Amino acid sequence: MTAVHYESYTEARAHLKDLLDAAGQGRVATVRRDTGYAAVVDAARLRHALALLCPSKAEVVSEGHGWSVFFPGLPVAADGGTFDEAIDEMIDALREYAEDWQDRLLSAPNHRDNWGLVQLIGLSDDAQLRDWLLGVAT
């Protein structure tokens, strides 16, 4: 298994199928564009790696007649009348946070290091996010 590397965007575009095939196979696949250097990675593999690197630190507590879910250190929290409702609300809150991060928080000093979390959210469907929140191995 050899790495695939293209020294320019034009070269990568001409070999896009090979680049995507390499990424899908889990091979190192890179493209240089001007002074930038980018990796092309299979989305499912990246999501799996991010889930391992960014374990959920969600805390769930029973409060009165409902449940609350929050992430220490993140401005993300949710409430629900049942445990499942609170988790569903947290999934929505995480998606809203990811949108806000993309729109305006990516350069904020207290948010810029959340890139991995935002990528994980964007690459996950609701069932995958639920499993991640609950610590279910996937």
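Colleague: Let's start with Lys17 and Asp21. Why is this pair called a salt bridge?

Modeller: In this predicted model, the closest N and O atoms of Lys17 and Asp21 are 2.6 Å apart. The cut-off is a Lys or Arg side-chain nitrogen within 4 Å of a carboxyl oxygen of Asp or Glu, so 2.6 Å qualifies.

Colleague: What separates Lys17 and Asp21 along helix 2?

Modeller: About one helical turn, because they are 4 residues apart in helix 2, which covers residues 16-24.

Colleague: Why is Lys17 called exposed, and what is Asp21 called?

Modeller: Exposed means over 50% relative accessible area, and Lys17 has 60%, so it is exposed. Asp21 has 33%, which falls between the 20% and 50% limits, so it is partly exposed.

Colleague: How many salt bridges does the structure hold?

Modeller: The structure holds 6. Another of them joins Arg32 and Glu7, with the closest N and O atoms 3.5 Å apart. That value is also within 4 Å, so the pair counts.

Colleague: What makes Arg32 and Glu7 a link between distant parts of the chain?

Modeller: Their positions: Arg32 is in strand 2, while Glu7 is in the loop between strand 1 (4-6) and helix 1 (9-14), and the two are 25 residues apart. As for cover, Arg32 has a relative accessible area of 29% and Glu7 has 47%. Both values lie between 20% and 50%, so each residue is partly exposed.

Colleague: What about Arg95 and Asp126: how do you know that they form a salt bridge?

Modeller: Their closest N and O atoms are 3.0 Å apart, and the limit is 4 Å, so they pass. Arg95 lies in helix 4 and Asp126 in helix 6 (residues 126-134), so this pair ties together parts that are 31 residues apart in sequence. Arg95 is partly exposed at 25%, and so is Asp126 at 44%.

Colleague: Which residues are linked in a network of salt bridges?

Modeller: Asp84, Asp88 and Arg130.

Colleague: Now for an arginine without a partner. How do you know that Arg47 has no salt bridge?

Modeller: For Arg47, the nearest side chain of opposite charge is Asp125, 6.4 Å away. Arg47 lies in helix 3 (residues 43-53) and is buried. Its side chain does have a polar contact of 2.8 Å with the side chain of Ser124.

Colleague: Why is Thr30 called buried?

Modeller: Buried means under 20%, and the relative accessible area of Thr30 is 6%, so Thr30 is buried. Thr30 sits in strand 2, residues 29-33.

Colleague: What makes Thr30 and His5 a polar contact?

Modeller: Their side chains come to 2.4 Å. The limit is 3.5 Å, so that value is inside it.

Colleague: Let's turn to the surface. Which residues gather in the patch of negative charge?

Modeller: Glu63, Asp79, Glu85, Glu89, Asp92, Glu96, Glu99 and Asp103. Helix 4 (residues 83-105) gives the largest share, 6 residues.

Colleague: What makes Glu89 and Asp92 accessible enough for that patch?

Modeller: A patch residue needs over 30% relative accessible area. Glu89 has 41% and Asp92 has 39%, so both clear that cut-off. Glu89 lies in helix 4, and Asp92 is in helix 4 too. Both count as partly exposed.

Methods:
Residues are numbered from 1 along each chain as its sequence is written. This is a predicted model: local features need pLDDT of at least 70, side-chain atom pairs count only at pLDDT 80 or more; totals for chains, interfaces and linings use all residues. Side-chain values use heavy atoms; hydrogens and water are left out. Patches are made of residues with over 30% relative accessible area and no salt bridge: like charges are joined within 9 Å, nonpolar side chains (Val, Leu, Ile, Met, Phe, Trp, Tyr) within 5 Å. Accessible areas come from the Shrake-Rupley method with a 1.4 Å probe; for residues, only the protein chains shown count as cover. Lys and Arg count as positive and Asp and Glu as negative; His and the chain ends are not counted. The place of a charge is taken as NZ of Lys, CZ of Arg, CG of Asp or CD of Glu. Buried means under 20% relative accessible area, exposed over 50%, partly exposed in between (1.4 Å probe, protein chains only). A polar contact is a pair of N or O atoms within 3.5 Å; within protein, one must be able to donate a hydrogen and the other to accept it, and residues adjacent in sequence count only if both atoms are side-chain atoms.
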